[in-house]
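Please look through the chain shown below before reading on.

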Amino acid sequence: MKNKSSKVPPVLSCNFEDYRSDVCEIYSNVQIHGNSSSIFFTPDQTMDLEENKTRTIKPYTRKYDNYAIANVRTVTINPLHTSTEAPKCNKYHYITAIVFSRGTYSGKNFFHDFSDVLVPLFITARQFEGEVQILMADLKPVWIEKYRKYFNQISNYEIIDFNKENQVHCYPRAIVGLYSHGDFTVDPLRTPNNYSMVDFAKLMRRAYSLERDFAINLAEDSKTKPRLLIIARNQTRKLINVGEVVTLGEELGFEVAVNESSFRTNVGEFARTVNSFDVILGVHGAGLSNEVFLPTNAVVIQIIPLGNLHWISFNYFGLGATNMKLKYVQYCISEEESTLTDLYRRDHAVFRDPGSFHSQGWGAMSKIYLDQQNVKLNITRFKPVLTRALELLGYKNYVTWPDLSFCDN
């Protein structure tokens, strides 16, 4: 008789209830044929019929996004009921396999690279300390090369192009799909070894050989100028009076630089640039994903455009920043600081009722508030934000709570 208190995992364990992603873990003679999107396993004879059935899964971390998930190929997980059904193994491996899709948005947007793949892969794979093999659907070689140093930290083995692989690879264990805890964040209470965003940031610093682990502490070093990096944007949500912000920063005692992070930017080179600064500042957008390269205790300043974007902005970048032990300051612009005033009357719903655009879906909201809007900061109004950043750099200990006071208006 089996001991009912045994903690031996079931042969197949799937979670289809999570909002962000579906994940199945298989613990028995896994055979993977990528080209046909088929995974086979030997079921436990004690499994009931419900557990023993064929499963299908789209292994991408944005299952709630109908457009995104529609473009992801379906993977079939098949229980083998007789030995004659089993495909012949061409290659045997003695490590865990992780099967997932690069997805729809990764490769197009720096933020989605992290939120959809790099952070979820860390959550799922870090526990194996490199003894894991990645089988990636929708793989693009140029995208893999872009993050090669990161992948080398996650896995000691070659990445297999799942779509094109015609051989049958056999493993003792496989995870199909990636665990995701949110946009750009890790919940240590839900990771096998309590890994956190701090651990993710350390892995990124190690991957790209970044020199600085900690930002300047002005309480201990008052002679060195703190360094401020302004992340510029060249299309939407541009900071159109960036020169005035540079002047303000220099007057307050910062060494200031302006740099644009485009999707084609070399990750390693820009990572080293960001790591050399103590504060980064930018209007809400993918460029703020570079906060992952900052040293611990550095400051992130996110400028939030009009349009009820507080929640989106904080959950995309503020939460990750605080969880990486970065000091986070959020600044909400006034109507006078938005170029939407050049396009719409002040009594227009764009100003009076942003919720009406949000209720129409992401497309309607983003068309107005993300695509049509640029920012011209009121320097007098914004000055206390940079002053606050200096104060935060003067604290000896990590500030655990984000500063949202500049969004109280």
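In this predicted model, buried residues account for 57% of the 409 residues in the protein chain. The chain has twelve helices and 18 strands, and its radius of gyration of 24 Å is close to the 22 Å that the globule rule gives for 409 residues, so the chain is as compact as a globular protein of that length.

**The chain as a whole**
- Taken along the principal axes, the box that the C-alpha atoms of the protein chain fill is roughly 75 × 50 × 40 Å.
- When contacts between residues at least 6 apart in sequence are considered, 75% of them join residues at least 24 apart.
- The accessible surface of the protein chain is about 18600 Å², and carbon and sulfur atoms contribute 48% of that surface.

**The nonpolar cores**
- The largest nonpolar core is made of 105 residues, and the residues with the most contacts inside it are Tyr 150, Phe 151, Phe 293 and Phe 382.
- Helix α2, which covers residues 110-125, supplies the largest share of this core, namely ten residues.
- If neighbours within four places in sequence are left aside, Phe 151 is in contact with Leu 118, Leu 121, Ile 134, Met 136, Trp 143, Ile 144 and Ile 159.

**Gln 133, a residue in a strand**
- Gln 133 belongs to strand β9, which runs over residues 132-137.
- Because its relative accessible area is 3%, which is under the 20% cut-off, Gln 133 counts as buried.
- Beyond its neighbours within four places in sequence, Gln 133 has contacts with a list of residues including His 93, Ile 95, Thr 96, Ser 155, Tyr 157, Glu 158 and Tyr 171.

**Leu 80, a residue in a loop**
- Leu 80 sits in the loop between β6 (75-79) and β7 (91-92).
- With a relative accessibility of 8%, Leu 80 is also counted as buried.
- Not counting residues up to four places away in sequence, Leu 80 touches Gln 31, Phe 40, Phe 41, Pro 43, Glu 85, Ala 86 and Pro 87.
- From C-alpha to C-alpha, Leu 80 and Glu 145 are 37 Å apart in space, while in sequence they are 65 residues apart.

Conventions: Residues are numbered from 1 along each chain as its sequence is written. This is a predicted model: local features need pLDDT of at least 70, side-chain atom pairs count only at pLDDT 80 or more; totals for chains, interfaces and linings use all residues. Side-chain values use heavy atoms; hydrogens and water are left out. Helices (H or I, at least four residues) and strands (E, at least two) are DSSP runs, numbered from the N terminus. The radius of gyration is taken over C-alpha atoms; the globule rule is 2.2 Å times the number of residues to the power 0.38. Buried means under 20% relative accessible area, exposed over 50%, partly exposed in between (1.4 Å probe, protein chains only). Contact means heavy atoms within 4.5 Å. Accessible areas come from the Shrake-Rupley method with a 1.4 Å probe; for residues, only the protein chains shown count as cover. A nonpolar core is a set of buried Ala, Val, Leu, Ile, Met, Phe, Trp, Tyr and Cys residues joined through side-chain atoms within 4.5 Å.
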